[in-house]
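Q: Got a model to go through with you. Can we start with the surface, then look at details?

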Amino acid sequence: MEQRRYERRRARGYLVGCVVAVLLWSVASAQIRYSISEEVNEGTVVGNIAKDLGLDKSTLRDRKAYRIVGSSTEPLFRLNKDDGILYVSRKVDREEICERSKACIINLKTVLENPLEIHYVAIEVLDVNDHSPVFPEKEKRLEIFESTLPGARFQIQPARDPDGGQFTVQQYTLSHNDHFRLEVKERGEDRKMPFLILKKQLDREALREHKLLLTAIDGGRPARSGTIEIVIEVLDVNDNSPVFTKDVYSAVLNENATPGTLVIQVNATDLDEGANSEIVYSFGEEVDINLQKLFNIDPTTGDIKVTGLIDFEENEIYEIDIQASDRGTIPFSADKTVIIKVIDLNDNPPEIEITSFSKSVPENSKIGTTVALISVNDLDSGPNGQVSLVIREDVPFAISPSLQDNMYTIVTKSRLNREEKYFYELTIVAKDTGEPSLSSQKTLSVVVSDVNDNRPQFSLSPYTFYITENNDIVAPVFSVMASDLDESDNAHISYHIPRDRSGDNVGLFLNINTENGDILALKSFDFETLKTFQFRVVATDSGTPSLSSNVTVNVFILDQNDNAPVILYPVSSNGSAEGVEEIPRNVNAGHLVTKVRAYDADIGYNGWLLFSLQEVTDHSLFGLDRYTGRIRTLRSFTETDEAEHKLVILVKDNGNVSLSATATVIVKVVEPKEAFAAADVKSATNDEEDNNVTFYLMITLGSVSTLFLISIIVLIAMQCSKSTDYTSKYLQETNYDGTLCHSIQYRSGDKRYMLVGPRMSVGSTIVPGSHANTLMLPDRRTPGEVRHVW
């Protein structure tokens with residue numbers, strides 16, 4: 001009954017150990033620790049990591065990726081990224097993972113991204129008694145001379161149990177017999193060596209063969225066992241065994257010792273004589289084959305020498321069973337264990353492992369942002385295994401130790417600016433403190449990703465453009481351009497013309513290409529209506545949030561000769577340019593017959609009018625002032641002169657392709673009395689007409705002159721301040737000497753103008769239709785005067 005209660009309690013304890021994970025939180029190491037029994041079923045819950053870290057499910061969803069970092073193709077555990085619960089993904093075999101280690105700890109690295117965090121989880125795999133002790137062979141045969149004295153020892157190869165701790169071999173039992181007893185010797189950790197001790201001398205004549213059963217029992221409950229049958233054959237003759245001269249043989253050996261190095265010499269003696277006393281040394285029958293590749297023993301001298309590569313990191317100590325046998329017909333032998341301790345040398349450089357790495361870092365990352373997680377390992381021990389880590393280059397990154405030994409993080413140590421440098425190569429150098437020290441290095445490439453921290457910049461500010469009136473509405477009239485130091489969408493610029501809150505409707509007749517900044521006029525400009533205007537262009541990038549900047553664009557309309565002269569006088573009642581003038585026959589030479597008045601809506605050379613006689617009945621009688629349009633008599637009338645003369649006057653502007661108009665004046669020669677009467681009536685009519693015409697002209701010319709004067713003053717100031725190269729684009733003259741601000745004043749009809757253009761060399765003339773700009777001035781000079789201002 002007591003046994004049953006004990007078994008129920010033990011079964012309940014194993015069930016709790018297999019299903020429930022015990023959470024251990026270590027403040028010093030900041031590490032989560034669980035324990036779980038081996039052989040548990042797939043899908044068994046190990047623990048809730050997210051809960052133990054204080055993370056809820058919404059946090060896991062927001063940060064998207066929570067995973068186990070590892071290189072195993074068949075991981076033992078899996079992590080549910082949605083709830084942070086750790087499960088067993090396949091059968092856990094402690095003996096496969098940790099072999100005979102006392103404590104079987106599986107260390108997991110878990111990474112939580114956005115931002116990058118590393119957490120360490122230690123899982124202890126608890127052993128269960130799932131293996132029975134097994135001897136290397138089913139049967140062991142021993143040959144023992146009958147002369148062997150009681151007390152002789154015979155080593156039996158021990159049984160092996162893959163389980164560890166209390167579940168490994170705990171005791172041996174020997175079947176009952178009269179000649180042998182069992183002795184167990186402790187050797188190393190969890191290792192028991194069975195020996196047969198002869199307690200009563202054998203008698204070959206009584207019994208030639210003895211069969212014994214040796215049983216190995218582990219410490220499980222219930223216990224597991226394994227057996228081997230020992231067959232002892234009793235031999236005759238040689239009655240003395242070799243004896244080693246020392247009880248203990250031990251030596252120290254540097255790792256990487258060259259082949260042929262003498263490790264130690266063993267020596268044994270035999271009290272017999274002749275061949276029975278000659279000793280032959282050899283490795284014991286149970287010495288591992290791999291050990292025999294590392295060492296060799298001279299069968300005659302007993303010298304043990306190095307034959308293979310001795311590596312401290314593979315094995316720190318070697319225990320070699322040596323056997324000394326005599327050369328008797330039935331040889332006797334003695335066994336001894338040689339202990340060789342290996343001394344560590346600094347023969348392993350540090351190993352750098354990039355556990356987690358962010359290939360790109362935003363340029364607005366805060367100082368201390370984690371870029372990569374690095375682990376460093378050195379297989380050497382002591383000072384040879386102590387490693388320091390540095391970054392070779394002078395970069396805005398630093399190495400920071402982590403909470404766990406040999407773990408480091410690479411973090412930003414200063415602000416990043418992609419526009420100054422967008423790519424870094426970090427050379428991580430790991431160096432141990434051995435003599436001489438060894439080092440290794442690994443290179444990381446870090447890209448600084450762009451954020452929208454730069455506004456678009458226009459190439460000029462402000463922009464000034466000159467366009468000729470009557471422009472084509474199909475092709476762009478001018479273009480603006482901005483650039484952005486950012487990249488990708490953050491540097492993709494779109495343009496637009498904002499509506500002015502003041503009510504200015506300039507944007508209504510302009511259209512801008514949002515992609516390239518080309519500006520298209522939706523209508524043709526008329527210089528006579530609009531001479532200059534100003535608007536703003538806004539450049540906006542495509543970043544989030546977007547940034548923008550604006551620039552002012554000044555546009556000046558240049559005049560074209562698109563208006564023909566208009567005859568103001570003479571004008572007949574039906575609207576044609578035709579008039580009749582009566583003069584007395586007795587007038588003298590130089591008498592003013594009439595004055596042809598004309599107006600051209602263009603300005604400058606395009607509005608500068610010249611008068612000429614296209615048709616006249618008598619060239620000797622009338623003359624025409626080409627600048628003022630005044631018609632005067634060249635001589636006195638004679639009796640033979642006709643009483644009526646027809647004069648056709650051509651009024652022509654000075655444009656490249658000049659435009660013209662004609663006026664017809666009929667001059668009637670009358671007797672003095674008739675002329676005086678007609679002159680009084682005409683004078684009154686002309687005075688009234690002149691007054692009306694003059695009044696309207698003054699209003700029109702005053703308005704146009706005021707607006708244009710303001711535009712030209714701005715234009716002169718801007719052109720005088722610009723460089724020669726820039727202005728030459730708009731003012732190209734063959735005689736241009738590089739100096740701006742040259743002007744010529746002239747008159748055309750009743751108007752007075754100032755032509756502003758590039759300075760010419762001395763003696764040059766301004767060709768009609770040049771690209772000079774014209775300003776209309778108040779009439780303060782005498783007719784026909786032309787003055788040059790240098």
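Q: How much accessible surface does the chain have, and what share belongs to carbon and sulfur atoms?
A: About 42,100 Å², with 50% belonging to carbon and sulfur atoms. Areas are Shrake-Rupley, 1.4 Å probe, and for residues only the protein chains shown count as cover.

Q: Where do the numbers come from?
A: This is a predicted model: local features need pLDDT of at least 70, side-chain atom pairs count only at pLDDT 80 or more, and totals for chains, interfaces and linings use all residues. Residues are numbered from 1 along each chain as its sequence is written, and side-chain values use heavy atoms, leaving out hydrogens and water.

Q: How many helices and strands?
A: The chain has 7 helices and 54 strands. Both are DSSP runs numbered from the N terminus: helices are H or I, at least four residues, and strands are E, at least two.

Q: What percentage of the residues is buried?
A: 43% of the 790 residues. Buried is under 20% relative accessible area, exposed over 50%, partly exposed in between (1.4 Å probe, protein chains only).

Q: Switching to T355. Which strand holds T355?
A: T355 is in β25, residues 351-357.

Q: Is T355 buried or exposed?
A: Buried, because its relative accessible area is 12%, and the cut-off is under 20%.

Q: What does T355 touch, beyond neighbours within four places in sequence?
A: V69, K109, L373, S375 and M407. Contact means heavy atoms within 4.5 Å.
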